[in-house]
Amino acid sequence: MTKGLLSDQVNTKEIEIIIRELNRVINKKITGDVVELGCYVGTTTVHLTKTLMATDKRLYVYDSFEGLPEKTRQDLSPLGQQFQVGELHATKKQLVKNLTQARVPMPYIKKAWFSDLIKSDMPEVISFAFLDGDYYGSVIDSLRVIESHLVSGSVIVVDDYSNAALPGAAKAVDEWLIGRSVVKKIEQSLAIISII
Ligand SMILES: C[S@@+](CC[C@H](N)C(=O)[O-])C[C@H]1O[C@@H](n2cnc3c(N)ncnc32)[C@H](O)[C@@H]1O
């Protein structure tokens, strides 16, 4: 694990990119709060919430806190054998403890499967979303629940877009992007999607 990070689920370079994109949204004064779907132990949450401290944007984080669900056929890859049901299991208590130790403001935390989330679970307007559900179903469910809350200038960052061990993430993104007015760029393993 990289020194100073709570887990090896993201690396320092990826955190830099995520925070750079969030700062762009803040500097452009795009209206709306920030969501993270797939917060796990809070590796990225700590950095998102620190960045939001000087703003009026709130952070909302979501996780099953039961680890990964079943894979679907879109997720199958010989490189991804380590990803199994229940893998990446962290409790909400552990997340709260990590955030308390990091001395950052507590976000709104919701324990749920992404497929069970509904419109009212989301902030009314989302300016920035970080999606880190790993699998096709998890990423497409995340995109579907946030889509009606996005505005022009909102940015979505999806982890594992270029991760051959988790091919479902890119399939979900590319399927969701069909027919939408967006700009997509790829950096490290991240897809960065700007809504036009
Ligand atoms: C790669 S980890 C997230 C890492 C986190 N962003 C960090 O930096 O520490 C993936 C997380 O997504 C959650 N997850 C995956 N699919 C999910 C789903 N369909 N519904 C709810 N949670 C899900 C898992 O429980 C796990 O905690």
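Student: How do you know what share of the chain counts as buried?

Tutor: A residue is buried if 20 or more other C-beta atoms, placed from the backbone, lie within 10 Å of its own. By that count, 41% of the 196 residues qualify. Keep in mind that this is a predicted model, where local features need pLDDT of at least 70, side-chain atom pairs count only at pLDDT 80 or more, and totals for chains, interfaces and linings use all residues. Residues are numbered from 1 along each chain as its sequence is written.

Student: Which residues touch the most other members of the largest nonpolar core?

Tutor: Such a core is a set of buried Ala, Val, Leu, Ile, Met, Phe, Trp, Tyr and Cys residues joined through C-beta atoms within 7 Å. This one has 49 residues, and Ala129, Val139 and Ile146 are among those that touch the most other members. H4 gives the most to this core, with 6 residues.

Student: Which residues are closest to the ligand?

Tutor: Good one! A residue is near if its C-beta atom, placed from the backbone, lies within 6 Å of the molecule. The ligand is surrounded by 25 residues, and the closest are Gly38, Tyr40, Thr43, Ser64 and Ser138.

Notes. A residue is buried if 20 or more other C-beta atoms lie within 10 Å of its own, exposed if 12 or fewer, and partly exposed in between; C-beta atoms are placed from the backbone. Helices (H or I, at least four residues) and strands (E, at least two) are DSSP runs, numbered from the N terminus.
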